[in-house]
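Here is a short briefing to read alongside the model. It goes topic by topic, from the interface to single residues.

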Amino acid sequence: MLAIETEGLSKDYQVGFWRPRPYRALHDLTLAVEQGDVYGFLGPNGAGKSTAIKLLMQLIYPTSGHARILGRPAGDVEVRRRIGFLPENPSFYDYLTAEELLTYFASLFDIPAAERAARVARVLDDVGLGAERRMRLRGYSKGMVQRVGLAQAILNDPDVVFFDEPMSGLDPLGRRDVRQLLLTLRDRGCTVFFSSHILSDAETLCNRVAIIAQGRLAAGGRLTDIVGVDVLGWELVVDASPEAIARVRTRARRVTVLHEQRHALDLPPESPEAVLQILTDAGARVVSLNPVRKTLEDFFVQHVTGAAPRGESR
Amino acid sequence: MSLAAIRKVAGAVFKESVRDRVPYSLVIFAVILMAASFLMSRLTAGQDLKVIKDLGLATMNAMGLLIAIFIGTGLVAKEVERRSIYAVLAKPVSRASFLVGKYAGLVLTLAVNLGLMTAAFYLMLQYLNWTTDDWIKQGWRAPSHDPRLLVAIALIGVQLMLTTAVALFFSTFSTSPMLSMLFTLAVWVAGHFSGDLRNIQTAIDSPAAAVLAQGLYYLLPNLDALDVKNEVVHGLPIAWNAVGLGVAATMAYIGVLIGSAVLVFNRRDFK
Ligand SMILES: Nc1ncnc2c1ncn2[C@@H]1O[C@H](COP(=O)(O)OP(=O)(O)O)[C@@H](O)[C@H]1O
Ligand SMILES: [Mg+2]
């Protein structure tokens, strides 16, 4: 059984006040997410990620197509016992404290009253909310609300979680915590489906990704297939005299002087050993040698042609 | 729909009303109003029991109406506007349970409010009873703490249940809280005049207007049938049959409103 599957899922929004006309935000999305996957749903802003996730949560209804979660139709009340959902930029009742909010949600999940307090305390620990859990949400920062959102999404020990932009609003520490949380969920056997426009996050977390642009699935697959193992080149940093560098200049694609003797060389994929040999013979000292591989970003740029608004996709 | 889920959502609404404090400040305000009317009547013509009862019931009605309209129209609309509805609707709670729970929670809030106001009202009437000379009491048409007052209050409660259902109904699809409030108030006002609508052809000489008025008469709730303040205050007999029929019709009306609200809400996109 698949954790998540969609078939020909499409959604039109009505836009325009006087003469409403349909605007296709999601076009014929067909996805299959296996149980245990950490699935990155990637795309620039406005690509249709949130639309797809809302369709999966049945907060909106599809214009055509259908979606299933754990083999049951999206929106099924029973399946909701087994899933968690973090909305994009979540917002909750600001007159409640984090503890009260989660206790209420725990009751909606039918967690027995005797277990609620312990469960709520555990998930608040998991997302790193400290003493402020007894404070009303009104006084929370964006990052704290985001953590509450994550806590309420894992309250029921879900089998599948849907996180819409889980890293948004978080500082670098917060993002590290979220990465850690996603990995913990994965280790527990939970399927993680998350949307993001931040590729570096996806690259370190996912085993599968789908890239969506302008409402259409642009590409997808195993991350190892996409970023590949092929080495595209090498980045060599050495401390060497200008004479030593001159001997290998023709073999390098580019040479950059970093400062004084330190040089960075962009080498082709074939045998960097020869270059190293020449340089060390000339008395150079190797600082570092790193392979250059295709990144998710290259893949992304290749499939999302000019759709990403500059300055927002990072 | 699940009774357990309805109860939990209703509990949350009730808790919010306590946190919010607005409904309970209104209770205090109502008590102050009643006390003021009480003191006024003592200063002037002397122990006018009818005035005190009349003002007391009217105050309860008005406060209940404020709560029903202001909170009722915001029950769903506020959750949509603040987007807190996303997380809740992804929980194992059907949209129908959510909506009915919201309704039940506000009805519970109103019941507690009416209860508190009633208690304060009876304390005042009891005090009046103690401090009034017997010869004055002999002129009273009805006893000071007449149990029939409870009937009048209960019927105010039924009217408020209807008003809350109207507010909820509008707020499930209207995007403007202001409009929902106005419409709800309009239905409440029209509901009190719906009896006049039926007899309008005797007043206006236009068959078209008469047909329209007849149509509205059947469409609008008949809240007048639930208003026995006058009878209770003046010690007149209550037309129990009409009241019973009015309550039954109102309950059916509430059922239709909530049912339609659920139908609308079930199909709605939360974009
Ligand atoms: N309620 C709405 N009405 C009209 N258009 C919308 C609405 N919500 C989203 N859209 C449009 O649909 C497209 C996809 O939006 P969304 O799913 O939010 O993208 P993402 O989450 O990938 O940033 C965008 O072009 C957006 O402008
Ligand atoms: Mg989005």
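**Interface of chain B and chain A**

Across the interface of chain B and chain A, 4 salt bridges are found. The model is predicted. Arg19(B) pairs with Glu100(A) in a salt bridge, with the closest N and O atoms 2.6 Å apart. Polar contacts between chain B and chain A link 19 residue pairs, both residues being at pLDDT 80 or more.

*Who takes part*

- On the side of chain B that touches chain A, the elements giving two or more residues are helix 1 (3-20), helix 3 (49-82), helix 4 (85-89) and helix 11 (240-267) of chain B.
- Helix 1 of chain B gives the most to this side, with 6 residues.
- Sorted by class, the side of chain B that touches chain A holds 13 charged, 10 nonpolar and 3 polar residues.

*Area and residue counts*

- The size of an interface is often stated as the accessible area lost when the parts come together.
- Chain B and chain A bury about 2,800 Å² between them. Carbon and sulfur atoms give 56% of that area.
- Arg19(B), Lys91(B) and Pro92(B) supply 24% of the area that chain B buries against chain A.
- The contact draws 30 residues from chain A and 26 residues from chain B.

- Glu79(B) lies in helix 3 of chain B.
- Is Glu79(B) buried or exposed? Its relative accessibility is 4%, so Glu79(B) counts as buried.
- The side chain of Glu79(B) makes a polar contact with the side chain of Tyr93(A), at 2.8 Å.
- Neighbours within four places in sequence aside, Glu79(B) is in contact with Tyr93(A) from chain A. From chain B, Glu79(B) is in contact with Gly74(B), Ser84(B), Ile85(B), Val88(B), Phe98(B) and Lys102(B).

**Magnesium site in chain A**

- Which residues coordinate the magnesium ion (ligand 2)? The donors are Ser50(A) through OG and Glu88(A) through two OE entries, at 2.0 to 2.8 Å.
- The pair links distant parts of the chain, with Ser50(A) and Glu88(A) 38 residues apart.
- Ser50(A) is in helix 1 (residues 49-56) of chain A. Glu88(A) is in the loop between strand 6 (83-86) and helix 2 (98-108) of chain A.
- Ser50(A) has a relative accessible area of 17%, so it is buried.
- Glu88(A) has a relative accessibility of 31%, so it counts as partly exposed.

**Ser206(B), a loop residue in chain B**

- Where is Ser206(B) found? Ser206(B) sits in the loop between helix 8 (177-198) and helix 9 (207-219) of chain B.
- Ser206(B) counts as partly exposed because its relative accessibility is 25%, and the buried class stops under 20%.
- Ser206(B) and Ser180(B) are 26 residues apart in sequence. In space, their C-alpha atoms are 31 Å apart.

**Chain A as a whole**

- How many helices and strands does chain A have? Chain A has 10 helices and 14 strands.
- Along the principal axes, the C-alpha atoms of chain A fill a box of roughly 75 × 50 × 40 Å.
- Chain A has 314 residues, and 50% of them count as buried.
- Among contacts in chain A with a separation of 6 or more, 68% come from residues 24 or more positions apart.

Notes. Residues numbered from 1 in each chain as written. Chains lettered and ligands numbered in written order. Predicted model: local features only at pLDDT ≥ 70, side-chain atom pairs only at ≥ 80, totals over all residues. Heavy atoms only, no water. Contact = heavy atoms within 4.5 Å. Buried area = accessible area lost by both parts, 1.4 Å probe. Salt bridge = Lys/Arg side-chain N within 4 Å of Asp/Glu carboxyl O. Polar contact = N/O pair within 3.5 Å; in protein donor to acceptor, adjacent residues only side chain to side chain. Helix = DSSP H or I, 4+ residues; strand = E, 2+ residues; numbered from the N terminus. Nonpolar A, V, L, I, M, F, W, Y, C, P; charged D, E, K, R; others polar. Donors = N, O, S within 2.8 Å, 3.2 Å for Na, K, Ca; no water. Buried < 20%, exposed > 50% of the residue type's maximum accessible area, 1.4 Å probe, protein only.
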